[in-house]
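Subject: Structure handover

Hi,

Here is the structure for you to look at. My notes follow below it.

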Amino acid sequence: MAKTIAFANLKGGTGKTTICINIAGCLTLINRTSRVLVVDFDPQANATSGLGIDENSLENSIYDVVLNQFQEYQGVPITQAIVETQIENIHLVPSELNLAAASILMQQCKDKVGILNRILTPIKSYYDYILIDVPSDTGLFMLNSLRATDEAVIPIDSSVFSIEALEKFQIYCQDIQEMTGHKINRFTVVLNRYIKSRTGASQSKKSSKNSISEEIEEGVKRMSYPLFKIPESLLVYRSQQEGMPISHISSTNQIVKNYMEIANYLSEVN
Ligand SMILES: Nc1ncnc2c1ncn2[C@@H]1O[C@H](COP(=O)(O)OP(=O)(O)OP(=O)(O)O)[C@@H](O)[C@H]1O
Ligand SMILES: [Mg+2]
């Protein structure tokens, strides 16, 4: 049965999509037979383009799969929306802007938080990992993603708001547990675009000039989450242009080692 991992944060632009795509790439390298499905559950469709798929060329998307949950609409089962990507063993359920409108329909559903879980259940035996790219609104897309997932990766950036967002996310997940009975097994925080403090500074200078990233790191450690770091890298832009994970462009780069570390951790039984 697939392990489901949601990449989520209440704060936008922290690297959810980028990390999701790159962890997908690394998971296929850790075990060459692993089958990974990326589910783009964000109307922005960044995971779709980030994996080299043009949303305008699609026959079906997650939008049609959501429609399929409603008798009065014509949709398709998830198996008809899955597409292959340029990477062997990474499949994608693409998204498109129309998905935004589907949230209005989802509101009318009796079990409106369990829709994505119901959609994914029939294909769980086919994949080893299902990675969900979650938009950063607090609405039904995030509720459904967190209801459907076994664990969550929370990418944060180096801002004070990140710690606030992390605290709120914790409360949000507790609320979901109370509402649905679903417990997320593990939370992993990734400090993205990490900036190290300047090297060579004397110890006293260093403590007063600790980079914001290091202060945020200490804040996360106090909250006792497992924490990984990803540096700022220009390779992110190149990989977006090529529609591939960085691991499949430049396997020796430091950022790939950092993504690999996270993927190895996530692949462990927990
Ligand atoms: N390690 C990195 N180095 C450089 N740029 C990065 C890195 N990670 C992410 N970015 C850039 O930061 C921006 C935000 O990343 P991304 O789109 O993955 O965030 P997100 O959390 O998915 O955003 P949203 O909330 O809009 O879905 C993008 O422009 C991406 O290219
Ligand atoms: Mg995103």
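What volume does the largest pocket have? The volume is about 520 Å³. Please keep in mind that this is a predicted model.

**The pocket**

The lining of the largest pocket is made up of 29 residues. Gly-15, Thr-17, Thr-18, Val-236 and Gln-240 lie nearest the centre. Five elements contribute two or more residues each: α1 (16-30), α2 (46-50), β7 (186-194), β8 (227-231) and α10 (235-242). Which of them gives the largest share? That is α1, with five residues. By type, the lining holds 16 polar residues, nine nonpolar and four charged.

Strand β4 covers residues 90-93. In general, side chains in a regular strand alternate between the two faces of the sheet. In β4, Ile-90 and Leu-92 sit on one side, His-91 and Val-93 on the other. All four are buried, so both faces of the strand are covered.

β4 pairs with β2 (residues 36-40) through four bridges, and the two strands run parallel. Here Val-38 is the residue opposite Leu-92. β4 also pairs with β3 (residues 83-84), this time antiparallel and through two bridges. In that pairing, Val-83 stands opposite Leu-92. β3 and β4 make a hairpin with five residues between them. In its turn, Asn-89 has a positive phi of about 75 degrees.

**Gln-69**

Gln-69 is in the loop between α3 (62-67) and β3. Why does Gln-69 count as partly exposed? Its relative accessible area is 30%, and partly exposed runs between the 20% limit for buried and the 50% limit for exposed. Leaving out residues up to four places away in sequence, Gln-69 touches Ile-115, Arg-118 and Ile-119. Its C-alpha atom is separated by 19 Å from that of Val-134, which is 65 residues away along the chain.

**Aromatic pairs**

How many aromatic pairs are there? The count is five. One of them is Phe-169 with Phe-187, an edge-to-face pair. The ring centres are 6.3 Å apart, with 90 degrees between the planes. This pair links distant parts of the chain: Phe-169 is in helix α7 (residues 160-180), Phe-187 in strand β7, 18 residues apart. Phe-169 is buried, with a relative accessible area of 0%.

Phe-228 and Tyr-265 also pair, with ring centres 5.1 Å apart. Their planes are at 55 degrees, so this pair counts as tilted. It too links distant parts of the chain, with Phe-228 in strand β8 and Tyr-265 in helix α11 (residues 254-267), 37 residues apart. Phe-228 is buried at 11% relative accessible area.

There is also an aromatic cluster, formed by Phe-169, Phe-187 and Tyr-225.

**Positive phi values**

Most residues other than glycine have a negative phi. Ala-45 has a phi near 60 degrees. It lies in the loop between β2 and α2. Ser-224 has a phi of about 55 degrees, and lies in the loop between α9 (212-222) and β8.

Are these two buried or exposed? Ala-45 is buried, because its relative accessible area is 2%, under the 20% cut-off. Ser-224 is exposed, because its relative accessibility is 61%, over the 50% cut-off.

Best wishes

Note on methods:
Residues are numbered from 1 along each chain as its sequence is written. Chains are lettered from A and ligands numbered from 1 in the order in which they are written. This is a predicted model: local features need pLDDT of at least 70, side-chain atom pairs count only at pLDDT 80 or more; totals for chains, interfaces and linings use all residues. Side-chain values use heavy atoms; hydrogens and water are left out. On a 1 Å grid over the protein atoms alone, a cavity is a set of points where a 1.4 Å probe fits but cannot get out, and a pocket is an open set with protein on both sides within 12 Å along at least five of seven lines; lining residues have an atom within 4 Å of a point. Grid points are joined across faces, edges and corners, and a volume is the space filled by probe spheres set on the points. Ala, Val, Leu, Ile, Met, Phe, Trp, Tyr, Cys and Pro count as nonpolar, Asp, Glu, Lys and Arg as charged, and the others, Gly among them, as polar. Buried means under 20% relative accessible area, exposed over 50%, partly exposed in between (1.4 Å probe, protein chains only). Two strands pair if DSSP finds at least two bridges between them. Contact means heavy atoms within 4.5 Å. Rings of Phe, Tyr and Trp (its six-membered ring) pair if their centres lie within 6.5 Å; planes under 30 degrees apart count as stacked, over 60 as edge-to-face and the rest as tilted.
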